[in-house]
Amino acid sequence: QVQLVESGGGLVQPGGSLRLSCAASGSIFSIMGWYRQAPGKQRELVARITSGGSTNYADSVKGRFTISRANAENTVDVQMNSLKPEDKAVYYCWALYIRQYWGQGTQVTVSS
């Protein structure tokens, strides 16, 4: 049974940092990543990383967010710096192996 469990969300002031972590179990995934969904908006890609370390980022987070992956531990993290109020969303861990898998989501709020 595949499980993706996120941790690390919370409240942070604009300009601050957070690190989200996702622990996966039940499979080895070719691609892992993070998506987010703000209220009233569609879910969107934040960043993805392949098992070989190739990455891609949403334009809105380039230069501020860094995704990393530990294949041996089956984890994927995203370091989020210089957070903005518009980064507020529920962040979902995502993984791909034949089909897509999603975590339950973790709330990130950026507010003063």
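A disulfide here is a pair of cysteine sulfur atoms within 2.5 Å. Keep that cut-off in mind as you open this predicted model, where the rule gives a count of 1 disulfide.

**Stop one: the disulfide.** Select Cys22 and Cys93. Their sulfur atoms sit 2.0 Å apart, so the pair meets the cut-off of 2.5 Å and forms a disulfide. Cys22 belongs to strand E3 (residues 18-25) and Cys93 to strand E9 (residues 89-97), so the bond ties together parts that are 71 residues apart in sequence. Now look along the S-S bond: its torsion is about -85°, which means the disulfide is left-handed. Both cysteines are buried.

**Stop two: around Val76.** Next, pick Val76 and show its contacts. Leaving aside residues up to four places away in sequence, Val76 touches both Cys22 and Cys93, and its other partners include Leu20, Met32, Trp34, Ile49 and Ile67.

**Stop three: the core.** Which residues touch the most other members of the largest nonpolar core? Select Leu4, Trp34, Phe65, Val76, Met80 and Tyr91 to see them, out of 28 residues in that core. To widen the view, color strands E3, E4 (31-37), E5 (44-50), E7 (65-70), E8 (75-80), E9 and E11 (106-110), each of which supplies at least two core residues. In soluble globular proteins, nonpolar side chains tend to be buried together.

**Stop four: the pocket.** Finally, turn to the largest pocket, with a volume of about 150 Å³. Select its lining: Arg36, Gln37, Ala38, Pro39, Lys41, Gln42, Glu44, Glu86, Lys88 and Ala89. Coloring by class shows 5 charged, 3 nonpolar and 2 polar residues there.

Notes. Residues are numbered from 1 along each chain as its sequence is written. This is a predicted model: local features need pLDDT of at least 70, side-chain atom pairs count only at pLDDT 80 or more; totals for chains, interfaces and linings use all residues. Side-chain values use heavy atoms; hydrogens and water are left out. Helices (H or I, at least four residues) and strands (E, at least two) are DSSP runs, numbered from the N terminus. Buried means under 20% relative accessible area, exposed over 50%, partly exposed in between (1.4 Å probe, protein chains only). A nonpolar core is a set of buried Ala, Val, Leu, Ile, Met, Phe, Trp, Tyr and Cys residues joined through side-chain atoms within 4.5 Å. Contact means heavy atoms within 4.5 Å. On a 1 Å grid over the protein atoms alone, a cavity is a set of points where a 1.4 Å probe fits but cannot get out, and a pocket is an open set with protein on both sides within 12 Å along at least five of seven lines; lining residues have an atom within 4 Å of a point. Grid points are joined across faces, edges and corners, and a volume is the space filled by probe spheres set on the points. Ala, Val, Leu, Ile, Met, Phe, Trp, Tyr, Cys and Pro count as nonpolar, Asp, Glu, Lys and Arg as charged, and the others, Gly among them, as polar.
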